[in-house]
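Please open the model in a viewer and keep the selection tool at hand.

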Amino acid sequence: MKPWLLIGLVGVIVSSGVGYLVGAKINLVGKKANLIETKVNSDFSSVTAPEGTWFYGGSTSWATVRQYVDPEIKKTHPQFELRYTDAINATPGSGTGIRMLLEGQLTFSQSSRPIADREFQQAQQRGFSLKQIPVALEGLAIAVHPDLQIPGLTLGQIKDIYTGKITNWNQVGGPNLKITAYSRRFEDGGTVEFFANNVLGGEKIGSNVVYVYDTTDGLRKLASDHGGIYYASAPEVVPQCKIKALPIARQGYSFVAPYIKPLIKPAQCPNQRNKLNINAFKTGKYPITRQMFVIVRQNNGSLEQKAGEAYANMLLTNQGQQLMNEAGFVRIR
């Protein structure tokens, strides 16, 4: 099962969504984030890219970004060769990508979470620094089996499900059915770390949770489990045919769907697919949104640093932001 992603619209960050947007540790002004300046009405040709083969990897949420962006970069800068690299004996994810970057296995990495303090410290111990460059915004979706009849979940209910306090769907207005909560492992990816920090409030994932290898594995299990629940990047979840995304509320019954209503039922798919509710993401009405980052090693202006910054710069051009839209993310410029 491969996630399908659809086109989004222009996105901006609003104050109502900041708590769940970036988490507690992001500082968008200081050394931990540095937005590279580019011309708004620009394309890839406006960016100078160093010649060579450059290795990158990281967040699985970026999979379709690579599909949309890499071929267009190659057309404009054939000498700037990008090579996606998976870790050996490790599951892909933001944390894995940053670790590989620290160890010199990648030129730059793609992340769905900000750099952790421990990673900044590890970089300093190795004689360089890390820079995170925000390039897009996306939502996190909560997925269930399409036959599950429930209007939505609050953030508190999601937290209680994943910490083991709620174990049956009848506790949240659903049928008398045991809940099976699926998740990737905490160390595997930025999505899990973001979820634990911002939705679970730093509480540990409960012992009731069943771990999956990756999102493809999680969605496959969910499609055959009437009591299952899983969370992942909204572009990976919303257009799927065999599962459905749930509307979410901060509290009460003011549910906001990550898809544009009305919900398209499985029988209508794949001729029709649910589309991302980009407007809810960009206005902050949808409760769980976050930023996406390119992570670059700062090493005295080395070619590797220039390559990572060139890639981020291209994503921040008008052409790059449009391609991010087409990959299902919200442009920030």
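The bend at a residue is the angle between axes fitted to the seven residues ending there and the seven starting there. Helices (H or I, at least four residues) and strands (E, at least two) are DSSP runs, numbered from the N terminus. The model is predicted, with local features requiring pLDDT of at least 70 and side-chain atom pairs pLDDT 80 or more, while totals for chains, interfaces and linings use all residues. Residues are numbered from 1 along each chain as its sequence is written, and side-chain values use heavy atoms, without hydrogens and water.

First, select helix 2, residues 63-76. A kink of about 30° is found at Val69, shortly before the proline Pro71.

Next, select strand 3, residues 108-111. Phe108 and Gln110 lie on one side, Ser109 and Ser111 on the other, and all are buried. In a regular strand, side chains alternate between the two faces of the sheet.

Strand 1 (residues 52-58) pairs with strand 3 in the parallel sense over three bridges, and Gly57 stands opposite Ser109. Strand 11 (residues 289-298) pairs with strand 3 in the antiparallel sense over four bridges; here Phe108 stands opposite Val296.

Notes: Buried means under 20% relative accessible area, exposed over 50%, partly exposed in between (1.4 Å probe, protein chains only). Two strands pair if DSSP finds at least two bridges between them. The expected span of a helix is 1.5 Å times one less than its number of residues.
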